[in-house]
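Work through the exercises below with the sequence and the 3D structure at hand. Each task is followed by a solution in steps.

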Amino acid sequence: MQVLKFGGTSVANAENITKVVTIVKKSILKDKTVLVVSALGGITDMLLDAATLAAEGNELFNERLIAIEQRHLETVKELIPVARQSQVLSLVKTACNEIEDICSGIYLLGELTPRSKDRISSYGEWISSRIISAKFQSEGMDNTWKDARELILTNSNFNAAEVDFTVTNKQMKEFFLSQDSSLFVIPGFIASDKKGVTTTLGRGGSDYTAAIIASALNADTLEIWTDVSGMMTADPRLTNNARIIPHISYQEAMELSHFGAKVIYPPTIQPVMNQNIPVWIKNTFVPEDEGTLIESAATRNGNIVRGISSINNISLISLEGSGMIGIPGFSRRLFESLSNEKINVILITQSSSEHSICVGIDASSAEQAKLAVDSAFANEIALQKVEPLKIEKELSIVALVGENMKSHPGISGRMFSAMGKNGINVRAIAQGSSEKNISAVISTKDVRKAINVLHEEFFETTYKQVNLYIVGTGNVGTKLLEQLKQQVHFLQEQMKLQVRIVGITNSRKMLLDEEGILINQWKEKLEAAAPADLQKFTEEIISRNLRNSVFVDITANEKVASVYDQLLKKSISVVACNKVAASSAYENYKKLKDLAREFNCQFLFETNVGAGLPVIATLNDLVRSGDKVHRIEAVLSGTLNFVFNNYNGTRKFAEVVKQAQDEGYTEPDPRLDLSGTDVMRKIMILAREAGEKIEMEDIVNNSFMPEPLMLIGNLGIFYSEMKKMEDHFKKLYAEATDKGTKLKFVASYNNGKASVGLQHIDPKHDLYHLYGKDNVVLFYTDRYREQPLVVKGAGAGADVTASGVFADIIRAGNL
């Protein structure tokens, strides 16, 4: 004997029922078959909705009933040949008339009792099973239809009745052994009590009906046919990378189904587990798929965790108070008060100090729980030994499930570390001594991110997804996007990073796409996107709450830098080409660094100094390894180095500066370079990274630019006036040449003191042989006292700056 159960989506309409018939035809060739069916998809909800409207005195219930009747009649007409329709149509009409009579009674009484709910909802399975039985008869397949209410006996706990297995098993065996049919059709979900009154087995009870029958008959197998190809490692609606679990144990399946896996109704497992009956989860719409096999001991598949599940609409209720410490009975009274109100406890955790007990329950029961518990502890609350019950709402539970987790250290550490790195706060934790399940209560808004993060951690050995939000599409931004396009396959194949661009904005437009922006279409998409709004863009990043998010600032904009703190507080890493934040007031710089540490993310700004050169990374490595930096000498302006390397008096100084600007080496305003302000910011950033508390006003600037020139506001006038002052620049050049030296704009840091200015560099100096737009940094430390550690290379240009930003993105992604 084999038992096959088909759910609501599998029998939703005539087309789907035809698929069911095809599957069953093949199955009965192997063995006698019991077919258990649900109501047509959505019908149970429609029935209960009609009954609720009737109880409220709303005559719209009649419209619901008409829709229910029409749907069943249309299904019959599509499914069964005209010559055989009349009897089935008559059955449907009779049942629908009974439903109408019951709803009319409810309408007159203005009351919907649990008993009436069971009576109304039972019609869905009853009608669908009669239609499906008639379909088999119309195809020449004799079958025996049997009302499950004559087989399954329960108590009178309406809406979730408990089965009397002794009587039920006896009735099952007597009936099936007395029949010689090869196919039986049974409505799921419904049963009856000792008085013959209709009861139901709870939502999803058709699975349970099939399991009860399989257990009673000691069937060879139970097959649950649904709209997915088996149990999955996670909810496919929450993660695109969920995969089928080929084998799973009874215990693991129960844990996953309890914690929200909708494929199978939780009580289904127990009856078949007692008889060691294998259960298959199969897909009605892709019947050739292997599916999931549930049995006593699942084969190992190399994964420690078998699956990840979640439950939404959870509230945490907390009983706290110093009067609880060392006093027995508080837990008993708490759970007793909840039990009396029939409030189901989903999760329990208690602090070792006994100061508090925390319980997870369905959110709909939270207010009822508060009234019950506050009443039970009224005396203790009045004496201030216990505080009134606290309720936290908008929570969910995520759970890791797997028998292989037992005695396997580090699983919980990996779980909480992965969530912590993505800013997912854990409100409560529970783990049984069996170690088959680790559960965490988190904010509901974090569920999607948590499922994806955990799935990535425990199942996706292929790659880690990194989601980029890019601000700025100028020279450097455009080069970065080109480099990302070129390297996207390399990153996924060689570094196991799937880098996706999910947001781009500039000063005019902003584009957001959670599924990823096609990198070869970003210009067209951005041009057609919404008007730019930095705060809205920031809020969208936070609300979308994608895992491993990185905010990339490729601007020189102070407003963009002002949103860093909002992002870091949400564990969103920040990669800044923009120097504003790192060179702002020390307190703000420190605050951002501290936020990154506190919220397990990264604040990276390698390109603030030396473009793509690993200047800050090298300095960080020195400091972290215990070295102490005493002195730094550096040429940090690619612009000024380019200018002084190309100026020899034969061309005007202003022309060389304009060339540097045109070739993309300068800041958007070249006066920042010429004034020495940009170099001041860079040496300050290095001094801070070396551990120095320093501000801009602490740095001495020996400027070479004439002061009146720097006071000119208009950039065009600035260039024309600079040409008029050519003699000043020729004099600077001649003085250096006469001494056999070169002009270099040098930044210095020496034991707490910093300065910048134009210097004459002789041929023996490490800074002398510096050409084009190159930068060089000399670190003098405890370990590098006489011979400094030197970092040297191109220090300006869109390509190298973009590559430095790219490197920071990889660092942030590898966190």
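This is a predicted model: local features need pLDDT of at least 70, side-chain atom pairs count only at pLDDT 80 or more; totals for chains, interfaces and linings use all residues.

**Exercise 1. Aromatic pairs**

Task: State how many aromatic pairs a search of the whole structure finds, then work out why the pair of Phe61 and Tyr107 is classed as it is.

Solution. Step 1: The search finds 21 aromatic pairs. Step 2: In the pair of Phe61 and Tyr107, the ring centres are 5.5 Å apart and the planes stand at 40°, so the pair is tilted. The cut-offs behind this are that planes under 30 degrees apart count as stacked and those over 60 as edge-to-face. Step 3: Phe61 belongs to helix α3 (residues 61–79) and Tyr107 to helix α4 (residues 85–109), so the pair ties together parts that are 46 residues apart in sequence. Step 4: Phe61 counts as buried at 3% relative accessibility, whereas Tyr107, at 28%, counts as partly exposed.

Step 1: Phe603 and Phe605 form another tilted pair, with 4.9 Å from centre to centre and 55° between the planes. Phe603 is buried, with a relative accessible area of 6%, and Phe605 counts as buried at 4% relative accessibility. Step 6: Ring pairs also link a cluster made of Phe644, Tyr647, Phe653, Phe704, Phe729, Tyr733 and Phe745.

**Exercise 2. Charges over rings**

Task: Which ring does Lys282 lie over, and which ring has the charged end of Arg688 over it?

Solution. Step 1: Lys282 lies over the face of Trp280, 5.8 Å from the ring centre. Step 2: The charged end of Arg688 sits over the ring of Tyr589, at 5.1 Å from its centre.

**Exercise 3. Helix α17**

Task: Identify the buried residues of helix α17, say how they are arranged around its axis, and list what covers them.

Solution. Step 1: Helix α17 spans residues 534–544, and its buried residues are Phe537, Thr538 and Ile541. Step 2: Viewed down the axis of α17, these residues fall within an arc of 100°, so they line one face of the helix. Step 3: Their cover includes the strands β17 (464–471), β18 (497–505), β19 (509–512) and β21 (549–553), and also helix α19 (564–568). Step 4: At the start of α17, a side-chain oxygen of Asp533 comes to within 3.2 Å of the backbone nitrogen of Gln535. Just after α17, Asn545 has a positive phi of about 55°.

**Exercise 4. Two residues compared**

Task: Is Lys579 buried or exposed, and is Ser375 buried or exposed?

Solution. Step 1: Lys579 is located in the loop between β22 (573–576) and α20 (586–598). With 8% relative accessibility, Lys579 counts as buried. Step 2: Leaving aside residues up to four places away in sequence, Lys579 touches Asn608, Glu667, Asp678, Arg681 and Lys682. Step 3: Ser375 is part of helix α11 (residues 366–376) and is exposed, with a relative accessible area of 54%. Step 4: From C-alpha to C-alpha, Ser375 and Ala83 are 66 Å apart in space, and they are 292 residues apart in sequence.

Terms used:
Residues are numbered from 1 along each chain as its sequence is written. Side-chain values use heavy atoms; hydrogens and water are left out. Buried means under 20% relative accessible area, exposed over 50%, partly exposed in between (1.4 Å probe, protein chains only). Helices (H or I, at least four residues) and strands (E, at least two) are DSSP runs, numbered from the N terminus. The arc is that of the directions from the helix axis to the C-beta atoms. Contact means heavy atoms within 4.5 Å. A polar contact is a pair of N or O atoms within 3.5 Å; within protein, one must be able to donate a hydrogen and the other to accept it, and residues adjacent in sequence count only if both atoms are side-chain atoms. Rings of Phe, Tyr and Trp (its six-membered ring) pair if their centres lie within 6.5 Å; planes under 30 degrees apart count as stacked, over 60 as edge-to-face and the rest as tilted. A charge sits over a ring if NZ of Lys or CZ of Arg is within 6 Å of the ring centre and within 35 degrees of the ring normal.
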